[in-house]
Amino acid sequence: MADRRPRAHLSGEQQRVLSGAQPTADSYHLGNYFGAFKQWVGLQDEFEAFYFIPDLHAITVEYDPAQLRERTYIAAAQLLAAGVDPERSALFVQSQVPEHAQLAWVLGGVTGFGEASRMTQFKDKSAKGGQDSASVGLFTYPILMAADILIYQADKVPVGEDQRQHVELTRNLAQRFNHRFGETFTVPEAHIVKATAKIYDLQDPTAKMSKSASSPNGVLDLLDDPKRIVKKVRSAVTDSGSEIAFDPVDKPGISNLLTIYSALTDRTVDDIVAEYEGKQYGHLKVALGDLLAEFVGAFGDRTRELLGDRAELDRILASGAEKAREVATPTLELVYERSGFVVPRGIA
């Protein structure tokens, strides 16, 4: 029998990284790009990378099936446009790898009810409509997220600080299963890139850019019309005074624009501040609007080009799912064997 111990116990292997982005909107936004996708692209050089579109997670709230299907294609096209390389990474749709859901059921058996109920995402989302209107899927969402990670024996999970709690639950479940049933899972670590640009809402620069923003004018969508992007930047909230300086506490609005400018150009904030010394906020907004219009214009063109060939997108996603199942299937077989299930001959 082949050695199927957790990958962390095997020497000389490239570490594995896994992350996903939900298809719950018609476009990702600039915060998604700089906070996640740009990092994913860089991680392809260092890790064995698995990136997926969590459509199973997307059905934990009310949704439209046709819209979900279309948004899944749009999500895949945007990830490819951002630089995810299907030759160097596995890019796939979660529902096309059934081992995710199968492992989630097993992990549900080792997850405490109180442990699951303490997850902040369920508390936050259920608070809006009341727990009686929240789905069981929303409650068990973190368990499926743990399965997403553990099914690939992932070593690192690129996440923002707001997702660290879910990675901690994943670590706890992996350790608990290993303790009860024998070494089975690699215990993953959160991979939080400290240098990631944090992009804030243009209309409320104290809040992270998000699709749940109170005003659509605060969000820079990657598939926005370039002219609309320019208008959003020019109407961005700034601060009292007129000096262009980086001060997130007293000047959050202009500091946010400087951060975006820096992320787009790979120039330091200090260098940009020096360039605009003695100039007005409007000068910075005009220049940034032009830079963003060029960026989203090219990004949108590439995304639409990819969406124009659904057969090729299907091929890429099918190939990614095949790569994913090459790793997920042996993991699930080992879990089933350790769990005491009767595994058909020739599989275990």
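Some ground rules. Residues are numbered from 1 along each chain as its sequence is written, and side-chain values use heavy atoms, without hydrogens or water. Because the model is predicted, local features need pLDDT of at least 70 and side-chain atom pairs count only at pLDDT 80 or more, while totals for chains, interfaces and linings use all residues.

Helices here are DSSP runs of H or I with at least four residues, numbered from the N terminus.

Start with helix α10, residues 252–265, and helix α12, residues 281–307. Their axes come within 10 Å and cross at roughly 40°. An axis is a line fitted to C-alpha atoms over the stretch in contact, and angles run from 0 to 180 degrees between N-to-C directions. So α10 and α12 are oblique to each other. The crossing of α10 and α12 is left-handed. That word means the near helix is turned anticlockwise from the far one by less than a right angle; clockwise is right-handed.

Who touches whom? Contact means heavy atoms within 4.5 Å. On α10, the residues include Ile-254, Leu-257 and Tyr-261; on α12, they include Leu-284, Leu-288 and Phe-295. The contact of α10 with α12 has 13 nonpolar residues, one polar and one charged. Nonpolar covers Ala, Val, Leu, Ile, Met, Phe, Trp, Tyr, Cys and Pro; charged covers Asp, Glu, Lys and Arg; the others, Gly among them, are polar.

Helix α12 has another partner: α3, residues 65–82. Here the axes of α3 and α12 come within 8 Å, crossing at roughly 125°. α3 and α12 are therefore oblique too. The crossing of α3 and α12 is right-handed. Among the contact residues are Tyr-73 and Ile-74 of α3, plus Phe-299 and Arg-302 of α12. By class, that contact of α3 with α12 has nine nonpolar, two polar and one charged.

Next, α4 and α7. Their axes come within 8 Å and cross at roughly 120°. That makes α4 oblique to α7. The crossing is right-handed. In α4, His-100 and Leu-107 are among the contact residues; in α7, Ile-143 and Asp-148 are among them.

A pocket is an open set of points on a 1 Å grid over the protein atoms alone, where a 1.4 Å probe fits, with protein on both sides within 12 Å along at least five of seven lines; lining residues have an atom within 4 Å of a point. Which helix gives the most to the lining? α7, with six residues. The lining has 16 residues; Ala-104, Trp-105, Thr-140, Ile-143 and Leu-144 lie nearest the centre.

Methods:
Helices (H or I, at least four residues) and strands (E, at least two) are DSSP runs, numbered from the N terminus. Angles under 35 degrees count as roughly parallel, over 145 as roughly antiparallel, 65 to 115 as roughly perpendicular and the rest as oblique.
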